[in-house]
Amino acid sequence: MLKTNTHLVHHERTRFLEYLTRAGLRVSQGRELVFSVVMATHGHFTAEELAKLCSQKKLNVSRATVYRVLGDLLEAGVIRETAFGDKHHHFEHVYDEKPHHHAQCVRCHRFIEFPDRKEDKIYHPYLKKQGFKILGHEMHFYGICRKCQEKP
């Protein structure tokens, strides 16, 4: 089981609280609870998985609150979102992740993470010039993994 770095979580909480203040949003119990569950969750997760986790932990948080807080966390830059080609989005927190991208096998749906090579340096200046506020970026590759290629 992965450990949570309390210093980095504190930094992310500060970032989240600063965002809420700038946005004129209240620091509610629901936001605090969802933030805590997100920070204790490692790897990729969906909004539904997070809502189930909150329910399993008997937290008094509605599904709507989970979705709303995920939006706040995205805007604050605490988590990032990725679609993986699914109809629902996956999330991961930023604090314990090195910048990376994903490749997915279209047969077994396994993911491979690979390091970011600073591609954003090419696109960010152009987008900023267009007045686009960048919250993050991602790159996905789709193909067939080695294991699936070896199957008859």
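These legends describe close-up views of a predicted model. Local features need pLDDT of at least 70 and side-chain atom pairs count only at pLDDT 80 or more, while totals for chains, interfaces and linings use all residues. Residues are numbered from 1 along each chain as its sequence is written, and side-chain values use heavy atoms, with hydrogens and water left out.

View 1. Helices (H or I, at least four residues) and strands (E, at least two) are DSSP runs, numbered from the N terminus. Their order is α-α-β-α-α-β-β-β-β-α-β-α. Of the 152 residues, 34% are buried (under 20% relative accessible area, 1.4 Å probe, protein chains only).

**View 2. The largest nonpolar core holds 24 residues.** Such a core is a set of buried Ala, Val, Leu, Ile, Met, Phe, Trp, Tyr and Cys residues joined through side-chain atoms within 4.5 Å. Val38 and Leu70 have the most contacts inside it. H1 (6-23), H2 (29-40), H3 (47-56) and H4 (63-76) each give two or more residues. H4 supplies the largest share, six residues.

View 3. Contact means heavy atoms within 4.5 Å.

**View 4. Helix H2 has 12 residues.** H2 reaches 17 Å from its first C-alpha to its last, close to the 16 Å expected at 1.5 Å a residue (1.5 Å times one less than the number of residues). Gly30, Arg31, Val34, Phe35, Val37, Val38 and Met39 are buried. The buried residues of H2 pack against H1, H3, H4 and strands E1 (45-46), E2 (79-82) and E3 (90-93).

Methods: Buried < 20%, exposed > 50% of the residue type's maximum accessible area, 1.4 Å probe, protein only.
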